[in-house]
Amino acid sequence: MITKKQISDILKDYNTDDLAIATVCSHSSLQIFHGARKEGLKTIGICIGEPPRFYDAFPLAKPDEFISVDSYKNIPDIAPLLRQKNAIIIPHGSFVEYMGAEKFLNLEVPSFGNRAVLNWESDRTKEREWLEGAGIHMPRLVEPEDIHGPVMVKYHGAKGGRGFFIAKNYEEFLENIDESEKYTVQEFIVGTRYYLHYFYSPIKQEGYNLSKGTLELLSMDRRVESNADEIFRLGSPKELEKASVQPTYVVTGNIPLVARESLMPKIFSLGEQVVEESLELFGGMIGSFCLETVFTDQLEIKVFEISARIVAGTNIYTNGSPYSDFIEEGLSTGKRISQEVKLAAEQEKLEVILS
């Protein structure tokens, strides 16, 4: 992985009065560009081939310029051009997935956040070590031979829900598993799924204070998954099984959510525990992150995954959420990222939030 010193040396040549926000034209790029524009920062869209035409339909979220590559895996080739433009990369799920984790870790362009988090987030074994070390309640792990009720089987890495499946016994597990992929098997928790969108700033001092910096809650969502969210219109689980119809969990969209206010202490405590443990393990994750949870009817919150960057569920709130509006009216996660970049530049602390 590129070192802090290498990033520091690159930043010495940057004009911090003329910074540009750059990201891949996918996932949450519209709100990233929109938020940067609101904060007066230049924007660069990285695309394959001709710039996507749909940006013409959204002038307030269209990047100031596009840089085209033949493949997202070739982004390292444009690193000198990005540095020349004082670019700061904003990674999102598609950025890392399309480019490849190894190439992202070695990309010679300053990136918002701590790249070291990727090693902990993308490996489900290390992710569990992190979260359980933070005192987080997670679904119980199950050995395939011990499946005697519903379990969720998940492959490692960010795949937008693709390939996940539910098995109710060992035979169903064997029918669906791809042995060539690394996977985990965990108990299926019955409850309501909440995706909690936080923002951790290591440099902001006012707010919900941690041992270092502050924690914010910007929004919540629930994911629309195809075909799991509509499949049972066709019949009961047993009828679907007889018809050889299997539910799939590919994310196609998102729905806004608000939690009951009495759960706020628990929600903030979860975010705090995860950040504090990250500071101990790898120097801390920085910026936006999402805890993917299930709220049970006993008002327990089980965390089944973490995404340590901006998630697409924040796209619902491009002009603020019921929570971010209590911080600043019209505050999106994309805008909050650009605010952090500007604050760090003003305080000469870019090295603290970039890697």
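Strand β5 (residues 151-155) runs antiparallel to β7, and 5 bridges join the two. Within this pairing, Val151 has Glu187 of β7 as its bridge partner. Strands here, like helices, are DSSP runs numbered from the N terminus, with at least two residues (E) for a strand and at least four (H or I) for a helix. Two strands pair if DSSP finds at least two bridges between them.

The model you are looking at is predicted, so local features need pLDDT of at least 70 and side-chain atom pairs count only at pLDDT 80 or more, while totals for chains, interfaces and linings use all residues. Residues are numbered from 1 along each chain as its sequence is written, and side-chain values use heavy atoms, with hydrogens and water left out.

Back to the sheet: β5 belongs to an open sheet of 3 strands in the order β6-β5-β7, with antiparallel pairing. The edges are taken by β6 (165-167) and β7 (183-187); each has a single partner strand, so one side of each is left without a neighbour in the sheet. From one strand to the next, the twist averages 30 degrees.

A second open sheet has 4 strands in the order β3-β2-β1-β4, and its pairing is parallel. Here β3 and β4 (87-89) stand at the edges with a single partner strand each, so one side of each has no neighbour in the sheet. The twist in this sheet averages 30 degrees from one strand to the next.

Strand β1 (residues 20-24) pairs with β4 in the parallel sense over 3 bridges, and Ala20 has Ala87 of β4 as its bridge partner. Helix α2 (residues 29-38) packs on the sheet, where it touches β1 and β2, and its direction makes about 175 degrees with that of β1. Contact means heavy atoms within 4.5 Å. The angles run from 0 to 180 degrees between N-to-C directions, with axes as lines fitted to C-alpha atoms, for helices over the stretch in contact.

## Strand β8 and its two partners

Strand β8 is largely enclosed by the rest of the structure, because 9 of its 10 residues are buried. Buried means under 20% relative accessible area, exposed over 50%, and partly exposed in between (1.4 Å probe, protein chains only).

β8 pairs with two strands listed here. It runs antiparallel to strand β12 (residues 287-295), joined by 9 bridges, and it pairs with strand β10 (residues 214-227) in the antiparallel sense over 7 bridges. Tyr195 is a handy residue to look for: it stands opposite Glu292 in β12, and its bridge partner in β10 is Asp221.

## Aromatic rings and charges

The structure holds 14 aromatic pairs. Rings of Phe, Tyr and Trp (its six-membered ring) pair if their centres lie within 6.5 Å; planes under 30 degrees apart count as stacked, over 60 as edge-to-face and the rest as tilted. One of the pairs is Tyr55 with Phe66, edge-to-face at 5.7 Å centre to centre and 70 degrees between the planes. It links distant parts of the chain, 11 residues apart: Tyr55 is in the loop between β2 (42-48) and β3 (65-69), and Phe66 is in strand β3. Tyr55 counts as buried at 0% relative accessibility, whereas Phe66, at 22%, counts as partly exposed. Another pair is Phe112 with Phe199, which is stacked because the centres are 6.3 Å apart and the planes at 25 degrees. Phe112 lies in the loop between α5 (101-105) and α6 (117-121) and Phe199 in strand β8 (residues 192-201), so this pair ties together parts 87 residues apart in sequence.

Phe33, Phe54, Tyr55 and Phe66 form one aromatic cluster. Charges also meet rings: the charged end of Arg115 sits over the ring of Phe104, 5.4 Å from its centre, and that of Lys126 sits over the ring of Trp120 at 4.2 Å from the centre. The criterion is NZ of Lys or CZ of Arg within 6 Å of the ring centre and within 35 degrees of the ring normal.

## Around Ser355

Ser355 is placed in the segment after α12 (350-353) and counts as buried at 10% relative accessibility. A polar atom of its side chain lies 2.7 Å from the backbone oxygen of Gly113, and the Ser355 side chain also reaches the backbone nitrogen of Arg115 at 2.9 Å. A polar contact is a pair of N or O atoms within 3.5 Å; within protein, one must be able to donate a hydrogen and the other to accept it, and residues adjacent in sequence count only if both atoms are side-chain atoms.

Leaving aside residues up to four places away in sequence, Ser355 touches Ile7, Val109, Pro110, Ser111, Gly113, Asn114 and Arg115.
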